[in-house]
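Could you help me learn to read a protein model, one feature at a time? I would like the general idea before each case.

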Amino acid sequence: MVTKFESMAEIGGWTGGAVLFLESLCPHVNLLSLYKDPHHKFTLFKVIKLTLTDSAGGLGGYEILKLHDADPLLGVELKFVELEACRRFLQSYVSGTLRQALAQHAGRLLAAAPEVKVETQLKAGTHTLDLCLDSLEDCLEHIHLSQSARLCDDEMEDLEQRLQEQALGGAAPEPPPAPQPPQRDCFRFQTGTFEDRILTAADVHSFSNGVGRQWKHVGRALARGCRALKGPAIDNLAYEYEREGLYEQAYQMLSRFTQAEGSAAKLGRLVGALEDCRLTGLAESLLGSQ
């Protein structure tokens with residue numbers, strides 16, 4: 001009997017999203033700390049990539065969109081573009097093969113014990129798939145319904161490229177980390193100078209409360225430097241949150257910007273976008289200036 005998922009896969013219409021959460025049970029191996037460490041991030045990414053390659057049956061059919069700080073867990077956001085790759089991944093997860101492969105690769109590459117015991121959790125949207133692993137089709141349906149609009153994170157693309165270069169060039173020593181550019185702590189607005197800090201929840205609220213129908217224009221101004229807002233993303237947000245009103249649409253747009261940009265989601269970028277849209281009054285309100 002052909003399932004609805006197999007029918008969709010035949011015409012190229014099946015995609016899905018899931019987040020794999022990881023936590024090491026070894027006291028001397030903290031996966032989240034390794035991810036945050038520039039010297040170990042690539043090695044940890046390689047561990048995760050090798051594990052997924054083993055469990056999904058090859059390099060194709062999926063991609064890693066982003067790694068998340070879900071303290072104390074490390075979240076791996078996945079996008080599946082092939083039904084069979086997702087099915088193999090789920091079967092590997094259910095059987096414990098994925099956890100075993102992760103333990104072995106971590107032990108080998110992270111210079112830890114022969115195996116690193118890892119606790120895992122798998123979610124698709126709001127559904128914890130660990131609670132319904134006895135029904136593979138239910139899990140596939142949750143994953144298919146949890147399709148992320150996020151594009152692959154720039155950091156993930158850089159790590160993928162570095163992994164490919166290493167594979168082509170052999171086991172060459174890792175290059176030293178590139179020097180970081182100096183941080184810009186201030187920005188100019190009209191006649192004043194202001195601290196260029198990371199946007200806060202209060203900033204998002206104030207912006208959403210005051211921008212009104214102009215939120216789309218501001219979003220497109222921010223999209224010049226934010227991949228998460230490019231293409232149809234803004235129109236999709238407008239459609240998805242139309243019933244909730246302008247505040248929620250603006251809130252979701254700026255929240256997506258802050259989530260995608262992380263520490264680069266600075267106040268100066270938002271004020272610059274507001275200036276481009278001639279919303280200087282709202283910029284003044286955010287800055288607390290008269």
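The dialogue below takes up a few features in turn.

Q: What kind of model is this, and how are its residues numbered?
A: This is a predicted model, in which local features need pLDDT of at least 70 and side-chain atom pairs count only at pLDDT 80 or more, while totals for chains, interfaces and linings use all residues. Residues are numbered from 1 along each chain as its sequence is written, and side-chain values use heavy atoms, with hydrogens and water left out.

Q: How many helices and strands are there in the chain?
A: Helices (H or I, at least four residues) and strands (E, at least two) are DSSP runs, numbered from the N terminus. The chain has 13 helices and seven strands.

Q: What percentage of the residues in the chain is buried?
A: A residue is buried under 20% relative accessible area, exposed over 50%, and partly exposed in between (1.4 Å probe, protein chains only). Of the 290 residues in this chain, 43% are buried.

Q: What share of contacts in the chain joins residues at least 24 apart?
A: Contact means heavy atoms within 4.5 Å. Taking contacts between residues at least 6 apart in sequence, 68% join residues at least 24 apart. Not counting residues up to four places away in sequence, V19 touches G75, V76, E77, Q121, L122 and K123.

Q: Why does V19 count as buried?
A: V19 counts as buried because its relative accessibility is 19%.

Q: How does the reach of helix 4 compare with what is expected?
A: The expected span of a helix is 1.5 Å times one less than its number of residues. Helix 4 (residues 83–95) has 13 residues and reaches 18 Å from its first C-alpha to its last, close to the expected 18 Å. Helix 11 (residues 246–261) agrees too: its 16 residues should span 22 Å, and its end C-alpha atoms are 23 Å apart.

Q: Which residues of helix 4 are buried?
A: An α-helix has 3.6 residues a turn, so residues three or four places apart point the same way. In helix 4, the buried residues are L83, A85, C86, R87, F89, L90, S92 and Y93. Take S92 as one of them: its relative accessible area is 7%. Leaving aside neighbours within four places in sequence, S92 is in contact with S55, T97 and L98.

Q: Which elements do the buried residues of helix 11 pack against?
A: Those buried residues are Q249, A250, M253, L254, S255, F257, A260 and E261. They pack against strand 2 (62–70), helix 8, helix 9 (215–222), helix 10 (233–240) and helix 12 (267–276).

Q: At what angle do helix 8 and helix 11 pack?
A: Two packed helices are described by the angle between their axes and the distance between the axes. Axes are lines fitted to C-alpha atoms, for helices over the stretch in contact, and angles run from 0 to 180 degrees between N-to-C directions. Helix 8 (residues 201–210) packs with helix 11 at an angle of about 145°, and their axes are 8 Å apart. V204, H205, F207, S208 and N209 in helix 8 meet Y247, A250, Y251, M253, L254, S255 and T258 in helix 11.

Q: Where does the backbone take a positive phi or a cis peptide bond?
A: Most residues other than glycine have a negative phi, and most peptide bonds are trans. Here, Q190 has a positive phi of about 55° although it is not a glycine, and Q190 lies in the loop between strand 6 (186–189) and strand 7 (192–195). R278 also has a positive phi, about 60°, without being a glycine. A cis peptide bond, with omega about 10°, joins D71 and P72.

Q: Is Q190 buried, partly exposed or exposed, and which is R278?
A: Q190 counts as partly exposed, because its relative accessibility is 45%. R278 counts as exposed, at 77%.
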